Amino acid sequence: MTTARFLQEQPLFGGVDDQAMAAIMPLMRELTFAAGEVIVSEGEEGDSLFVICSGSVEVLKADPEQDAQVAQRIAVLHVGDVFGEMELLDTQHRSATVRALEPVAALGLSNGDLFRIYESDLPTFALIVMNLARELSRRLRSIDDLAVHYMSAPRRSTVQ
């Protein structure tokens, strides 16, 4: 089993004290996935976020201009990274597919369990949500950089 100390060293639970982690650990679900296994699928309903404890995953996004079966890799996530957090915050369908690149062990936290933290320990809930916001902000900054790079790249003419 992954320890509370491991989670406290990850961005999502950074700053969460030992007492709060003792209450959070029983809420976390231990999950394992085989290499190649789809963990979440774009468009499905989701109610959990996942913290990667071992292994790595790829994040795939369908190209709206292509067949729905064609997806582009947009990220590779490793130990300590989180995915599925957007659905906890905005309660919309999964925005991407996540597939294990190798055997993966993860801990899952559901929306309902996050609400239990809210009800029992508001300061810890606020800290976790702030950590989620920081993670989303880092990702948005990265996407902004990619967008600028893409927009400034020379375009190939389609006219011959």
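In what order do the four strands of the open sheet stand? In this predicted model, the order is S1-S8-S3-S6, and the pairing is antiparallel. Strands of a sheet pair through backbone hydrogen bonds, either parallel or antiparallel. The edges are formed by strand S1 (29-33) and strand S6 (82-83); each has a single partner strand, so one side of each is left without a neighbour in the sheet.

Strand S3 (residues 48-54) and strand S8 (residues 104-110) are joined over six bridges in the antiparallel sense.

The next element to look at is helix H4, which spans residues 111-120. Asp113, Leu114 and Ile117 are its buried residues. These residues lie on the same side of H4, because the arc they cover around the axis is only 105°. The cover over the buried residues of H4 includes S8 and H5, as well as helix H2 (18-24) and helix H3 (85-90).

Helix H5 runs over residues 122-152 and packs against H4 with the axes 5 Å apart. The angle between the two helices is about 135°. Angles over 145 degrees would count as roughly antiparallel, and 65 to 115 as roughly perpendicular; H4 and H5 are therefore oblique to each other. On the H4 side, the residues that meet H5 are Leu114, Ile117, Tyr118 and Ser120. Their counterparts in H5 are Leu122, Thr124, Phe125 and Ile128. By class, this contact of H4 with H5 holds six nonpolar and two polar residues, and no charged ones.

Note on methods: Residues numbered from 1 in each chain as written. Predicted model: local features only at pLDDT ≥ 70, side-chain atom pairs only at ≥ 80, totals over all residues. Heavy atoms only, no water. Axes fitted to C-alpha atoms, helices over the stretch in contact; angles between N-to-C directions. Parallel < 35°, antiparallel > 145°, perpendicular 65-115°, else oblique. Contact = heavy atoms within 4.5 Å. Nonpolar A, V, L, I, M, F, W, Y, C, P; charged D, E, K, R; others polar. Pairing = 2+ DSSP bridges. Buried < 20%, exposed > 50% of the residue type's maximum accessible area, 1.4 Å probe, protein only. Arc of directions from axis to C-beta.
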